[in-house]
Every structure is written in structure tokens, then in C-alpha cells.
Amino acid sequence: MSAPTYSAIVGLAALLWSASALQAQDLTAQVTLQTGRVETMALAGSGGGQLKFRPASQQSGSISISPATALQIQVNFPESVAVGFGAMEKGDWAAAARLLGPSANAAAPYLAIANNNIAPVVMTYGDALRYSRQFDAAIGLFEKLQSAPSPSVARLGSAWKAYLLINKGDIPGARALVETLGDPQREDEIFGLVRLARAMIFLHTEQHRAAVDQIAQVIAFSGLESSIYPEALYVDGLCYEAIAAAERRKAEQERDEAVKRALFTARVRVGREMWTAAQQQGLPPPTEKEILAKIDADAISARIPAVPPLEEAEKYQVSQQIYTHLARTFPRTPWAAEALKRLKNPPASTSSKKPSPVTPS
Amino acid sequence: VKFLREYPPAPDVRFEVLTKIGECHVADDKHKEALPLLIAVLDGTFDPGLRTRSLTGLVKSYIALHTPAEIYTLIPRLQNRDAAALYSLEFNLVAIKGGDELFERQDYAVALLLYKLARSKEALAAGLARWEQALQRDKKNALASGRGFQRVLAINERLTTIAAERAQIETIENYTDELRVRIARAFLAMNRKWEALWTYRGIHQDSPDAKQAESALYGAVSISSDLEANDKAVALGRLFMTEKPDSPFYDEVSLSVGRAYIREEKYRDAIGLFKEVLAARPQHKLADHVMYLQGYSHLFLDQYEPALALFDRVLKEYSDGGLAETVAYWKSFTYLFQPDYEKAVEGFTAFLAKHSGSALAEDVNFRLGAALYGSGDLDAARAQLDKFIQAYPASEFQGEAHSLLGDIAGAGGRLDEAVRQYSMVEELTDKLDKINYAIFQIGKIYETLGEWQKVKDHFRSYVERYGEQGQHSEATFRIGYAMKQLGEVAAAVELYIGAARRFGHLRDALGIDNLLGELPNDYQVVKGKSPAPLFRGEIASSDAAKKRTLALRWHMALAAAEPASAEDFKLQPGDIEQASPATLEWIGGLLTKRGETGPAAAAYRELIAKYADSDWAVSASMALAEIAVKARKVDEALEHLERVTEQFPTSDEAGLAMKLQGDLLRQNGRFADAIIRYEKVLEVKEWRGPLWPESLYWIGVAHQELGKTAEAFGYFQRVYVLYQHFTEWTARAYLRSAQCLVKLDRAAEAQATLREMLGVEDLRETQEYKAAEQQLAQLTSR
């Protein structure tokens with residue numbers, strides 16, 4: 001699956017970083033044109049399906065080109081972007097969003113050029129926004145992508161927007177947007193994201209089996225490096241937990257019915273015996289109260305096996321396993337924190353036993 | 001170590017040496033010694049090559065030291081700073097091997113983590129290629145911007161390493177599908193079945209020709225079936241059966257598909273599949289299961305004969321198999337529903353004798369009682385049901401058992417006992433249909449006894465207890481009926497009007513349809529005036545309140561009170577979807593009379609769709625057939641008539657429908673098919689009456705048309721010999737007989753037949769009588 005794998009790209013990008021001292025508003029880039037010429041130009045926005053550039057040496061004036069006429073763009077991101085990535089690694093998402101925002105917003109329209117080094121910055125900025133729950137700002141970013149000249153970028157923007165709408169609680173809006181995206185297949189970049197969104201919608205509407213079917217596809221077909229993998233794991237855990245709870249509710253209802261039936265039967269039998277005895281002795285028929293007094297309701301109820309606690313349910317245990325795995329694998333994500341809250345017995349930190357580095361002397 | 005101690009090197013050399021020492025320790029199984037060195041490398045150098053080697057060693061050591069959970073601490077690094085390690089072939093192979101070791105130790109979570117960390121061969125190659133391209137770009141940019149020789153050298157070094165890795169990858173066998181199988185197995189071991197299902201599915205989708213594809217698809221089918229994801233089980237199973245007809249898993253897969261169909265109640269599909277499977281694989285190793293499930297599917301389609309045949313085959317041919325008990329149960333069950341009560345009794349009795357400890361014993365004990373009741377052995381049924389009630393006090397069949405005991409007591413005329421038994425049903429079940437049956441049976445007993453006050457009180461109490469959950473409108477109708485018997489006609493009329501106003505907006509309140517059938521006449525009797533003004537007012541107020549179902553009901557009542565008013569009725573959009581069954585029937589009839597057959601047919605079709613099991617569906621089908629006949633749509637008419645004969649096979653209408661099918665076929669020259677239909681009419685004793693001589697007559701005519709004169713004569717003869725009191729058919733049959741005899745060169749017998757006919761006084765008024773006189777005269781003159 002080629003779903004967002006930008007965290008891995010981010011890893012590579014970090015190795016290859018060529019930071020410049022330029023400020024975000026003055027972003028420059030090496031643009032390889034169809035002619036093979038490489039031009040260094042400043043980014044000047046977009047409009048009417050065209051990308052705008054300005055010669056790096058000039059302060060004003062711009063040229064517009066169609067995204068198709070550029071083969072490649074390498075933006076010279078400022079130092080703040082590298083610092084922003086560092087903040088992401090440390091889990092300081094608000095700072096990361098602040099640092100990445102200006103460059104990501106300025107560079108986002110240029111994603112329309114197929115070969116670029118922009119995607120990691122924009123997507124990581126999107127991550128920073130959603131991790132820090134700045135959903136409106138994130139929606140703003142992805143709405144920009146929705147109107148991008150490239151259809152695949154536009155679809156990516158729509159998919160992310162749908163996902164964000166769910167987080168904002170706008171399920172009908174999200175559902176409508178997801179429906180416009182059709183049924184992306186595994187080779188489609190938005191496959192995982194659309195399935196994550198569908199799973200979340202199904203979970204909201206308590207269609208748990210449909211939800212787990214969708215999210216299992218994300219888990220099965222995505223690598224750990226996928227930016228949505230941690231959240232997919234969390235949703236996966238929620239699905240198993242919800243199914244376990246629903247199955248237990250059903251089992252409890254069935255037990256209640258069985259107890260009710262047993263009590264009915266006892267009442268009828270005791271009533272019949274008392275009625276016969278009363279008739280034989282010439283006494284008045286028993287009252288409802290007298291009959292019920294003769295029935296040991298607790299004993300009858302105790303004979304029907306109790307439903308085991310939720311914690312013993314197989315699917316609940318699976319959910320706990322998933323939350324544990326999530327908390328350990330992706331400790332710096334917000335979903336790890338959420339997973340820890342849902343764990344009955346949170347795991348002990350594995351890094352506490354870290355041996356101190358020793359250099360032979 | 002000596003080198004480091006004696007000649008402290010530059011940092012890059014130092015970390016290179018530390019890495020090598022760490023790797024030596026790992027190779028010597030001295031993992032505790034290795035760990036601090038490898039961690040020191042990770043913490044001290046930015047060299048991706050050294051970091052990758054350090055990570056590889058750490059993974060090996062954590063597994064060897066039985067502290068695999070420590071691997072989790074490496075993950076954040078691998079996702080960011082050390083992502084390069086993921087493109088190292090050695091690291092990947094260590095991850096897979098480590099995963100295997102942990103899987104063996106049943107540490108499935110970390111095993112899965114390692115498997116998921118590992119890249120497929122293709123991903124590894126593609127990742128390295130991308131990385132190489134990126135480095136080439138960077139090198140080009142570095143050269144173009146003149147950013148320094150050192151950087152270009154560093155890039156060159158990385159490019160050399162990558163080239164070596166790529167070359168090495170080329171030499172190894174593809175392990176991708178094996179890795180994915182491992183991932184699926186790990187998911188399955190952790191009870192994460194949905195994830196396992198999709199992983200297996202992915203293997204087959206991506207590598208349909210790989211050696212793992214068959215078992216992967218089989219795994220996906222098995223898990224789908226286990227999860228009762230029926231659509232998936234069918235789709236994947238069918239795919240498997242098409243692609244892998246010679247697979248050793250074929251038999252199990254085909255059974256899984258059949259089970260999925262059955263879970264979805266797609267019995268016809270299941271039967272089709274099982275037939276196909278048994279034909280394709282006579283040596284199917286699960287043939288007994290296939291036959292049993294095929295029989296089970298036939299049973300649920302009410303196809304008792306094939307079900308019994310299949311159950312018998314399983315019991316005979318696979319008597320040693322594990323299905324004997326189950327199949328014996330379903331065989332007896334089939335007899336019960338067929339119904340062949342004697343055989344059901346025999347079967348259930350034998351079952352209890354042979355499988356007394358069976359989990360099905362409770363069920364069988366109850367059904368034996370029901371079968372005995374059906375067989376007419378009421379004493380034995382009563383004894384069996386009493387025994388059942390005592391033996392299984394908590395059974396869910398307790399209510400039904402008392403209901404049957406009520407029926408038995410009622411049949412024996414012990415009405416007090418019947419009432420007592422029916423009364424217990426309510427206490428022993430919460431199934432409203434069972435309760436309703438018992439309540440209405442009690443009502444019927446009171447009505448039979450003429451205890452109208454009890455009828456009234458009984459149903460009033462029922463309406464109070466169950467409100468709109470129960471069959472309130474039917475109960476209200478019974479209350480009103482009782483009130484009329486008690487001379488409280490005026491109060492009954494008020495009750496009916498009140499009930500219609502309260503519940504008439506509910507489409508399924510069928511009792512309202514019944515009571516509105518009586519209200520116009522009752523009102524006229526009580527008030528001495530037409531109810532039409534009242535009904536018009538009700539129509540207006542119902543429409544104002546947007547209760548169209550109720551308004552339509554009042555329209556129907558108004559038409560009954562004042563037939564001319566029907567001319568003003570105009571069907572509005574949406575009426576058909578809102579009208580109650582009686583109203584739909586009325587609308588259908590009205591529109592048919594007006595010649596608006598399209599909307600009329602729509603009303604009838606709605607009636608059939610929504611109330612398929614009701615008597616209304618029968619009359620609607622008959623009406624649709626009539627419309628189709630008028631429109632000369634023979635096949636459509638046949639379809640409607642066949643629905644009646646299939647769904648209500650013992651009803652009076654079914655006999656007529658069967659005869660009409662014969663008529664249609666005959667009129668359209670399909671004489672052989674027509675004969676089959678007429679003969680079916682003659683098979684059902686309940687249809688004895690005018691249908692029999694008519695059917696005999698038309699069989700004769702059909703034979704005549706087919707040129708089988710002798711056969712035709714036999715049928716005509718049977719009409720006037722056996723059914724002489726049906727004068728119309730007798731007269732026609734005499735005439736046709738004479739025609740046949742003439743054609744058979746038996747003129748003297750023809751004359752005798754005509755003379756015999758003319759001697760029957762009852763036929764004198766028929767048209768055929770004069771024709772017979774003329775024919776006789778002609779024959780005599782010849």
C-alpha cells in the first residue's frame with residue numbers, strides 16, 4: 001500500500017536535510033523545468049490552476065506556470081522546519097505546528113508538482129495540527145489541498161478533511177465526503193485513510209463488525225511507518241472493546257430472560273401446589289403475595305450461570321493487547337496516551353532497565 | 001579493547017571499533033556485554049551505517065536475553081532518525097528470524113512487531129532505489145550549489161553502501177509472502193481474526209501464483225466462516241473453488257460456503273452449491289455433511305421429500321459418521337412439518353431411546369408431544385406433554401406445551417381445562433405470538449359457550465394489559481361482537497367508532513378493517529339513519545390530521561354505506577403505500593371496475609407484498625390473474641395463479657387457481673400442461689365439488705385436441721357417470737362423448753349415449769339438450 005508513508009520519508013529527509021537560513025515567506029526552490037533547465041526561484045503562491053514564481057533575485061513581479069510544465073521542485077526549507085521536526089519527535093506538537101505552519105502553508109500548493117520534497121513537511125504539519133487537536137487549522141490546510149490542480153492531491157485533501165470532520169463530531173459531513181471518494185483500492189494513496197474514516201464512522205453508529213472490518217484492512221496493509229498506523233491501532237482496540245461490550249450486553253440480556261423464565265416457572269409450580277393444597281384443605285386460594293413469598297428468587301437466579309466479567313471476554317483481552325502494543329510502540333503519540341487510559345493494567349516502562357553506556361577504559 | 005585503551009582514536013574510529021566489539025559479543029552470545037557498547041554507539045554517533053549495525057545487534061541481544069519487550073524502546077528511533085536501518089537487509093533478516101523465535105516462545109505481540117518492522121524484498125529494493133535517487137539529487141544539487149567537497153564525499157560513501165545492499169538483495173530468494181504468512185499467523189494467534197483474514201487475502205491478491213496463495217486463500221475462507229462474515233465466506237470460497245478445484249482444502253471450503261449460504265437463509269443457493277459439489281467430487285470427504293446440509297436446506301424450503309431422501313442417505317451410507325444423532329433429529333422434525341405425524345412419533349421415540357442423554361432431548365420431548373397431538377393420539381400427547389412440563393420446568397417450550405394441552409383439552413370438550421392451560425401460556429412465555437394465540441383461543445371458547453360477558457371482560461383485560469403491543473384492534477372487534485350479543489349494540493357502535501379513531505391510523509391494525517366492515521350496518525340499525533355524514537366528517541378530520549391510512553378506511557366504510565360515493569373517490573399519490581389491507585382490496589376492486597387496471601394492479605401487488613400470508617393476498621393474486629387474463633398476458637396470469645397454489649395449497653381458492661391455470665394453458669394450446677393442472681385439482685379431496693366434474697370435462701377436451709379420442713371419451717364418461725347432479729358439465733360431457741364415439745366409428749353407441757342423455761329430466765333446460773336432439777336426428781337419418 002502506498003498510503004501516507006511520510007514518516008519514513010521524514011526519516012530520510014532528516015538525513016538529507018539541506019536547511020537554508022531563508023525565512024518561510026521567502027521560500028526559494030530549485031525547479032527543474034521540462035526543458036531540463038534548473039531554475040532557482042521564490043515561491044509566490046497559486047491561482048487559476050497555475051503556480052506562481054518570482055526570480056529569486058527580484059522583490060516583485062511573478063511568472064505563472066502550469067504544474068505539468070515542472071518536472072521537479074526542491075524547496076529550500078528554513079531551519080525552523082528542521083526544528084519543527086525535532087519538536088514532533090519530542091511530542092511537542094503545538095510547537096511543531098507553530099514552526100512548520102508558515103513553510104507548509106506556503107509550499108502546499110506546489111505539491112501539484114509530482115516530484116517534490118514538500119509532502120513530508122505538509123503532512124507532518126497536518127499531523128502536528130491533528131495531534132494538538134487544532135482541527136479547524138488542519139481542515140484549512142487540507143481544504144487548500146482539495147483545490148490543488150492535481151486530482152490525487154485533491155483527493156488526499158478530501159480524505160483528510162473527512163477524517164478531521166469525524167474528529168470534530170460532524171459525522172454526516174464526514175460520511176458525505178467519504179462517499180465522494182468511492183471505494184479506493186490498496187494501490188490508492190488514500191486507501192488507509194478512507195478505511196480509517198469509515199471505521200470511525202461505523203464505530204460512531206455502533207456498527208462494530210463493519211468498523212473492525214475496515215480498520216483491519218488498515219492494520220493488515222499498512223506498515224508501522226504509516227502516519228495513521230497508531231491511530232488505526234487505537235481504533236482497532238476500540239472496535240474489539242465495543243464488540244466485547246456488545247456481546248456481553250447480549251449475554252446479560254439472555255441471562256435476564258432465562259432468570260425471568262425460571263422465576264415464572266417456579267411461580268406457576270408453587271402457585272399450583274398451593275392452590276391444590278388450599279382446595280384440599282378447604283382454605284381460600286393463595287394470594288400472589290403468599291405465592292411469591294414461598295419462592296427463593298435469589299436461589300433460582302443463582303442457578304443460572306452469571307455472565308463472566310467483561311475483562312474475561314476474549315475480544316476485550318484482544319483490545320487490551322492492542323492498547324498495550326500501541327502504548328509501547330508509539331509512546332509519543334496522543335493515541336498512546338488514550339490507549340493507556342483504556343488499559344486496565346498499564347505496562348511498566350520498558351526503558352527503565354536501560355543499561356548505562358559503558359566505554360571500555 | 002586494547003586498541004581503544006592504548007591508542008584513543010578519533011570519535012568516528014572509536015564508534016566503529018565499539019560497534020565491532022559489540023558485534024563480537026553478540027556472536028559469542030555475550031549479550032550483557034554487548035548491550036552497553038551498542039547503546040553507546042546509538043547515543044554517540046550519527047553515522048547511519050554504524051547505527052544500523054548497532055540496532056541489529058541490539059535486537060539480537062534483547063531476544064537472546066529474553067527481554068524482547070525492550071525492542072519497543074527502539075521503535076521511535078526506527079521511525080525517525082534510524083529509518084535507514086529498515087533498509088538494511090541484515091536488520092530485516094534479523095527481525096524476521098527474531099520474530100520466528102518469539103513466535104515459538106508464544107510472545108506473539110513482539111513477534112508481530114518484528115514481522116511488521118521487516119520490509120518485504122520488493123519494498124526493501126524500492127526503498128533503497130528511492131534513497132539512491134534522493135542521494136543522487138542531493139549530490140547534483142550540492143555540486144550545482146558548490147556546497148562542499150566533504151558533503152559530496154559523504155553522499156558517495158552512502159551510495160556505495162546502498163549499491164552493495166541492492167546487489168545483495170538481488171541474490172536472495174523472495175521471502176515476502178513467507179513474511180506475510182508469518183504476520184497472518186501472528187494475528188491469528190492473538191485472536192485478531194479480522195486482521196489475519198485481510199492479511200491472508202492480501203497474499204492471494206498480490207501473489208495469486210505464489211506457493212502460499214492457496215493456503216492463504218483457504219485461511220481467509222476459514223476465518224470468514226469462523227467470523228460468520230457470510231458474504232466474504234461465499235465470495236472467497238467461490239473464488240477458491242474456481243481457482244483451486246484440485247486442492248486438498250476444496251472439500252472443507254465448499255462446505256464453508258454452503259454453511260455461509262445457510263446462515264444467510266439462502267437455501268436455494270446452498271442446494272445449488274451442494275449439488276454442484278457432489279457432482280464434481282463424488283469422493284468428497286465431507287459428503288455426509290454436504291448431504292445433511294442439503295437436506296436441511298430442502299427442509300427450510302418446505303421441500304420435504306428431497307430432505308428425507310438425503311437424511312436417509314446419510315443415515316444409511318454414513319452410519320458410523322458423527323452426524324447420526326443430528327440427522328435422526330432433523331428427519332423426525334421433517335416428518336413433523338410434512339406432516340406425517342405417525343412417522344414423526346416413530347422417529348422421535350426412537351431418538352429418545354437411542355440418544356437419551358442428547359442435548360436435543362428437551363426439544364425432542366416437546367416435539368414428540370406435538371407429533372402425538374398431530375397424529376390424533378390425544379391421550380398419549382397429553383401424557384407426553386405433562387411429562388415434558390415436569391422434566392423441563394425452565395424450557396422455553398413450556399408456554400407452547402401448555403398451549404398444546406389447551407388444544408387437546410378443547411378437542412376433548414374439556415373447556416375449563418383448556419382455558420386453564422391457555423391461561424398458563426401467558427405466564428410461561430414472553431413471545432407475544434404464543435400469548436396472542438392462547439388469549440384468542442380462550443376468547444373462542446367463551447364465544448362457543450355463549451359466555452359473552454366473559455368474552456367482553458377477557459378481551460378488555462387483554463387490551464388493558466398489552467395496549468398497542470398486542471392485537472388490540474382484533475380484540476376490540478371481539479369485544480364489540482360480544483357486546484352486540486349482549487344486546488349492547490349502541491355501545492358496540494360507539495366502541496367501534498372510538499377504536500377506529502384511536503387505532504385506525506395504524507396500517508397493520510387489522511381488527512379495524514374487520515370492525516369497519518360491520519360498522520355501517522350496525523350504525524344504521526342503532527341510529528336509524530345512514531352513517532354517511534359521520535363517515536364524511538371522519539374523512540375530513542383524518543385528512544386534516546394527515547392520517548391518510550385512517551381517511552382511506554373511512555372512505556371504504558362510506559362506500560359500503562353509500563355505494564354511489566365511491567364514484568367520487570380519487571386515489572392520491574402515496575395512498576397505496578399507506579392503505580390498510582382491506583382498503584387496498586377495496587381500492588383494487590373499485591379501480592378495476594373503473595377500468596384503471598394499472599393502479600388497481602399496483603394496489604393488489606402492494607397487498608401481496610405487505611400481507612403475503614393473509615387471506616387478502618389470495619384474493620389479490622386472483623384479481624391480478626384476472627387483470628392479466630384480460631390484458632392477454634397469459635404467463636403473468638399463470639404466475640399469479642401459481643402463487644396461490646404454492647402459498648395456500650389447501651385453500652379453496654387454490655383449487656380454483658389450479659383449474660384456472662388449466663383453462664389458460666388449454667386456451668393457449670398447451671394441452672399437455674393443462675391436463676397436468678386439471679389432474680392436480682382431482683388429487684385434492686378438499687376441492688371435491690363443481691371443480692372435479694369441470695376438470696374431468698376439460699381433461700377430456702384437451703385429450704380430444706391432442707387427438708387422443710379414446711382417452712377423451714373415458715373422461716367424458718366419468719363426468720356423467722359420477723357427477724350427474726352437476727347438470728352443466730353432465731350435458732356437455734354427454735355431447736362430447738357422442739362426438740368421440742362417432743369419431744371412433746362407434747355410431748350405435750353414440751346414438752345410445754345421446755338417447756341416454758335425452759332421458760335425463762334434469763338436462764332438459766340446458767343448451768346442450770337441443771343440440772343432442774339434433775345430433776341424434778342426424779345420426780339416425782344416416
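Student: In this predicted model, how many residue pairs are in polar contact between chain B and chain A?

Tutor: The model is predicted, and the count takes in pairs with both residues at pLDDT 80 or more. Between chain B and chain A, the number of residue pairs in polar contact is eleven.

Student: Which helix of chain B gives the largest share of the side that touches chain A?

Tutor: Several helices of chain B supply at least two residues each to that side, among them helix 2, helix 3 (31-44), helix 8 (121-145) and helix 11 (193-206). The largest share is eight residues, and the helix of chain B they come from is helix 11.

Student: What is the distance between the closest N and O atoms of Arg119(B) and Glu225(A)?

Tutor: Across the interface of chain B and chain A, four salt bridges are found. Arg119(B) and Glu225(A) form a salt bridge. A salt bridge needs the nitrogen within 4 Å of the carboxyl oxygen, and here the closest N and O atoms are apart by 3.9 Å.

Student: What area is buried between chain B and chain A?

Tutor: The contact involves 57 residues of chain A and 64 residues of chain B. Interface size is often given as the accessible area lost when the parts come together. Carbon and sulfur atoms give 57% of the area buried between chain B and chain A, and that area is about 5400 Å².

Student: Is Tyr7(B) buried or exposed?

Tutor: Tyr7(B) sits in the loop between helix 1 (2-6) and helix 2 (11-27) of chain B. With Phe3(B) and Val13(B), Tyr7(B) makes a nonpolar surface patch of about 290 Å². The cut-off for exposed is over 50% relative accessible area. Tyr7(B) has 54% relative accessibility, so Tyr7(B) counts as exposed.

Methods
Residues numbered from 1 in each chain as written. Chains lettered and ligands numbered in written order. Predicted model: local features only at pLDDT ≥ 70, side-chain atom pairs only at ≥ 80, totals over all residues. Heavy atoms only, no water. Patch = residues over 30% accessible without salt bridge, like charges linked within 9 Å, V, L, I, M, F, W, Y side chains within 5 Å. Areas by Shrake-Rupley, 256 points an atom, 1.4 Å probe, with all protein chains shown as cover. Salt bridge = Lys/Arg side-chain N within 4 Å of Asp/Glu carboxyl O. Helix = DSSP H or I, 4+ residues; strand = E, 2+ residues; numbered from the N terminus. Buried < 20%, exposed > 50% of the residue type's maximum accessible area, 1.4 Å probe, protein only. Contact = heavy atoms within 4.5 Å. Buried area = accessible area lost by both parts, 1.4 Å probe. Polar contact = N/O pair within 3.5 Å; in protein donor to acceptor, adjacent residues only side chain to side chain.
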